[in-house]
Amino acid sequence: MGAGRHGFISDDFKGGARMDIRILAHIESIPIVDAHEHLRQESVRLAKQPDVMWLFHQYAGADLMSAGMSKADHDEVMNWEAPLEPRWRKFHPWFEKMRHTGYARAVLIALRDIYGIERLDETTYRDASERIRAENRPGLIERCLTRRGNIVRILNCNYELDQPVAECRSLMPIWSLSNVQKREDLAGLEAQSGVKVVDLESYRAAVRALFAVYQSRNVIGLKMVLLPWTHVDAARGNTLLCEVLAGTCSDPTALQAFLLAEVLELAVPFRFTVAVHCGYYSGVWCNFTPSHVRNMVPLLQRFRDTRFDLFHLSFPWVDEAMAVGKAFPNVSLNLAWCMIISPTGTERAMSEILGEVPANKVLAFGGDYWELPDVAYGHLRLAQRALAGALSRNVADGAIGLDDAKRVADWWLRENAYEIYPLAKNE
Ligand SMILES: [Zn+2]
C-alpha cells in the first residue's frame, strides 16, 4: 500500500515482503499481557494539559538531546505550561534529526492512530496539541491500552500498592530494602511492616512482614536494578547493619550486596518473581555498564529457586542475554522497552531467540512508560509488527511451520506471563 495507511513510517518498518499477513493478523488478534509498565495514577496526567511536544518526554526527549538539543532547551520544550509556538521552533530542528528512531516512532504511531495526525509538521502541531488536550480525560489508560491495544493485564512498576486500572498487578522495589546507607533508610520498611529494626533478626522479621502485606495486596513481583554482586557472609553483613543502626557504615557497597541477598532469600517462600533491570539506562550521559547481564550470573547460580525475569535483553549485550536465557532454567527474557531502543535489532533478536531459547521463557512486549499510555500503545504496534516479521522469516526459511509461529506468538505475548509471574488467569 505504498505510503498509504502507514504514511510517515518507512516501508522497511512494515516488514515488506517478509511479512506473512496471516501471522500479523493472528498477532493482532491476541489479548496481550503487557509485561512491563510504570503507569502512574491517571490523575497525575489529567492534572496537566499536555501538548504534542510533551508526548516526547521520557524516552524520545533523550534522543532530542542525543541529537544535540541542550538540557535547558529540552526542559523548556517539555514545559507544556509555556507558549506552544516558540517551543515548537526549538523542538522542530532536532525532531527532524530523530524522527526515525524507535523512541520517536512510538510517539508518531500514537499520533496517527489515536489522534488522527498522519504527519507531524509545521501545519499539524497545533491541531495535534488540541486533540491531545481534548483526549486528556478520565479513562485514557483504558481507551489506549485495554480497548485499542487489547491489553488484558499490565505488570506495573509504579511501586505502589494502589494501581491505576484494574488490569494492573504491581511489582515493588527491592532497592528500598537493600540500599541502606544510614539509619533513616530503614524508616520506610519499619513504617510499612510495623517492625522496628534493631539487628539482623528484626530486619528479617520486618521484610517478612512487609512481604506478607504485599502478598495480601496482589503484588506479583519485586524489581531490582542490576549491579555487580559478590557474596557477603552473615557475620560481616550483621556487623555492617549494626554499624548503620549505630550511625555509620564502613562499607555501604558490601552491606547493599548482603541485604540484596537477604531480601532475595526471604522472598523465596512468597514466590515473587524478581524483575531485573539489565543493560541500557534511559536518558543521556548515563554509565549503564554496571548493569551488564554478566553481573547476574552469581545471583542466578545462588538463587536457583527464584524466578528472574531479565529485562531489556540487557541491551546492547543482547547476545549475552540470550546465552543467559538459554543457560539458566530460572531465567526468562523480558523484551520490554527493547523495541523502541532498537527496532531492527529487536526484530533480529526475536528471530535469534526463537532458535536459541525455549519458547516458554520469553515475554515479547512491555511498554515501559510512566504517563504515556498513548505512546505505550504505539510501542505495542511496533512490537507486534516486529514479532510478525521475525516469525514470518522463520516460517519462510522453513525453520518452523505457520501453526508453530502462531503458537509462539500466543506464548510470547500472553501465555508465558501467567507462568513466569504468579498471575491468576481468571480473576
Ligand atoms: Zn521500566
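**Entry 1: overall fold**

I began with the contacts of the protein (contact meaning heavy atoms within 4.5 Å) and found that, among those between residues at least 6 apart in sequence, 75% join residues at least 24 apart. I note that this is a predicted model, in which local features need pLDDT of at least 70 and side-chain atom pairs count only at pLDDT 80 or more, while totals for chains, interfaces and linings use all residues. I also note that residues are numbered from 1 along each chain as its sequence is written, and that side-chain values use heavy atoms, with hydrogens and water left out.

I then looked up the secondary structure, which comes to 19 helices and 8 strands, taken as DSSP runs numbered from the N terminus (helices H or I, at least four residues; strands E, at least two). The radius of gyration is 22 Å, close to the 22 Å that the globule rule gives for 427 residues, so the protein is as compact as a globular protein of that length; the radius is taken over C-alpha atoms, and the rule is 2.2 Å times the number of residues to the power 0.38. Along its principal axes I read a C-alpha trace of about 65 × 55 × 40 Å.

**Entry 2: burial**

Of the 427 residues, 57% count as buried, where buried means under 20% relative accessible area, exposed over 50% and partly exposed in between, with a 1.4 Å probe and protein chains only.

**Entry 3: the zinc ion**

I looked up the protein donors of the zinc ion and found His-36 (NE2), His-38 (NE2) and Asp-368 (OD), lying 2.0 to 2.1 Å from it. Donors here are N, O and S atoms within 2.8 Å of the metal (3.2 Å for Na, K and Ca), and water is not among the atoms, so sites may look incomplete. Along the chain the donors follow the spacing H-x1-H-x329-D. His-36, in strand β1 (residues 32-37), and Asp-368, in the loop between β8 (362-363) and α18 (373-396), are 332 residues apart, and the pair links distant parts of the chain. I checked the accessibility of both: His-36 is buried at 1%, and Asp-368 is buried at 2%.

**Entry 4: two further residues**

Ser-178 lies in helix α9 (residues 175-178) and is buried, with a relative accessibility of 4%. Leaving aside neighbours within four places in sequence, I found Ser-178 in contact with Tyr-203, Gln-256, Leu-259 and Leu-260.

Pro-329, in the loop between α15 (318-327) and β7 (331-334), counts as exposed at 77% relative accessibility. From Pro-329 to Lys-361 I read 8.8 Å, C-alpha to C-alpha, across 32 residues of sequence.
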